[in-house]
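Here is a short tour for a reader meeting this chain for the first time. Keep the model in view while reading.

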Amino acid sequence: MGVIARERYYLNRDGSIKMRMPMRQTLTSWNLLYGSMRRHFPVEHYHTGKQLTDIQQTNEDVTAIFADGTSVTAALLVGADGPGSTVRQLLLPNYHYHYAGYVGYRGLVDESDLDPLTADLFTERFVFFQFPNSHILQYVVPGENESLVRGERRFNWVWYVNYDETTELPQILTDKEGRRRDYSVPPGLLAPIVEQEMRSYADAVLAPPFQKLVAATKEPFVQAILDLGVPQTIFGRVALVGDAAFIPRPHTAASTSKAAANAIALVDALLEQNHHVPQALDTWEPEQLAYGLHLMKHGQALGENSQFVYGTKRFDGAATTR
């Protein structure tokens, strides 16, 4: 299900190795996870292009109503629709995610597109470079076609950079077509001025191996780092799971596993309660609320330590790295 990383490296500013740490991890990608699960889900039950507009409930069932005039009635509705969840907005209209003060620039680089020396440093390792109010990391993930074969995989990197919500973030989240995005700009749509400023900043402050990694990235993208927590995850016969309920910051590396844990626990509760939905949801919710709140607070603590020890500004290259 992924690529094995056997150790962690922390780099000095000149690219030399500051610290080695044995730590075996399996690192995977969204496309491999999605593809693996999608192939096991019957195509006749998977409907794309449907926009949810309303939810109606009785004591016996719940109905999802869509923009095209169709509806579906069932015993249970699961809102697993991410940070911008329509289900959450319908049920908790006053709860929204909040910008954490920084973004994550991201990119994927084919193994064959990186010079051999840099690729050898990064391959099958989790590598970090930390400096005041920022850090960048990378690891190897399966290739675009889900390949795990050496040479056909990809380097995945994430770089956390501070931006002011009022004066800077709007430009970062405006794509090359002039459209203001809610919280992310996908690959291929980063505005040229934003991409160029990011690349110039990388050349100014990153360790050389990471400079080369960013330079080799054909279509970088960006996501605003968000915080979200909800006071409840069940609403009659509706349940919120994953990022629709709690958004842990990426430092926890737990968003996907939390969503999976929410879903698995929900299945277990339904089985234990003989598919009596209200009882199952009542037994399921407390642990999910506690888990979501724990991850959210843990991610916030990690983010504060990474990004704001030296204030809220970006490092300009003049201070001493830590």
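## A helix across strands

Helix H8 lies across strands E7, E9, E10 and E12. Strand E12 covers residues 221-227. The direction of H8 runs at about 120° to that of E9. The model is predicted.

## The chain as a whole

The chain holds eight helices and 14 strands. Its radius of gyration is 21 Å, close to the 20 Å that the globule rule gives for 322 residues, so the chain is as compact as a globular protein of that length. The C-alpha trace spans about 65 × 45 × 35 Å along its principal axes.

## The eight-stranded sheet

Eight strands make an open sheet. Their order is E2-E1-E8-E9-E10-E7-E12-E11, and the pairing is mixed. Strands E2 (17-27) and E11 (184-185) stand at the edges. Each has a single partner strand, so one side of each has no neighbour in the sheet.

Inside this order, E7 and E10 are joined by nine bridges. E7 covers residues 98-110, E10 covers residues 154-162, and the two run antiparallel. Gly107 stands opposite Trp157 in E10. Helix H6 (residues 208-215) packs on the sheet. H6 touches E1 (3-11), E7, E8 (125-131), E9 (134-141) and E10. Its direction makes about 65° with that of E9.

## Two helices side by side

Which helix packs with H8 at about 160°? Helix H7 does, with the two axes 9 Å apart. H7 covers residues 255-272, and H8 covers residues 277-307. Angles over 145 degrees count as roughly antiparallel. H7 and H8 are therefore roughly antiparallel to each other. H7 passes H8 in a right-handed crossing.

From H7, the contact takes in Ser257, Lys258, Ala261, Asn262, Ala265, Leu266, Ala269 and Leu270. From H8 come Val277, Ala280, Leu281, Thr283, Trp284, Gln288, Tyr291, Gly292 and Leu295. The residues of this contact divide into 11 nonpolar, five polar and one charged.

## The three-stranded sheet

Another open sheet has three strands, in the order E3-E4-E5. Its pairing is antiparallel. Strands E3 (52-57) and E5 (71-74) are the edge strands, and each pairs on one side only. From one strand to the next, the twist averages 15°.

Five bridges join E3 to E4, and these strands run antiparallel. E4 covers residues 62-66. Gln57 stands opposite Val62 in E4.

Conventions: Residues are numbered from 1 along each chain as its sequence is written. This is a predicted model: local features need pLDDT of at least 70, side-chain atom pairs count only at pLDDT 80 or more; totals for chains, interfaces and linings use all residues. Side-chain values use heavy atoms; hydrogens and water are left out. Axes are lines fitted to C-alpha atoms, for helices over the stretch in contact, and angles run from 0 to 180 degrees between N-to-C directions. Helices (H or I, at least four residues) and strands (E, at least two) are DSSP runs, numbered from the N terminus. Angles under 35 degrees count as roughly parallel, over 145 as roughly antiparallel, 65 to 115 as roughly perpendicular and the rest as oblique. A crossing is left-handed if the near helix is turned anticlockwise from the far one by less than a right angle, and right-handed if clockwise. Contact means heavy atoms within 4.5 Å. Ala, Val, Leu, Ile, Met, Phe, Trp, Tyr, Cys and Pro count as nonpolar, Asp, Glu, Lys and Arg as charged, and the others, Gly among them, as polar. Two strands pair if DSSP finds at least two bridges between them. The radius of gyration is taken over C-alpha atoms; the globule rule is 2.2 Å times the number of residues to the power 0.38.
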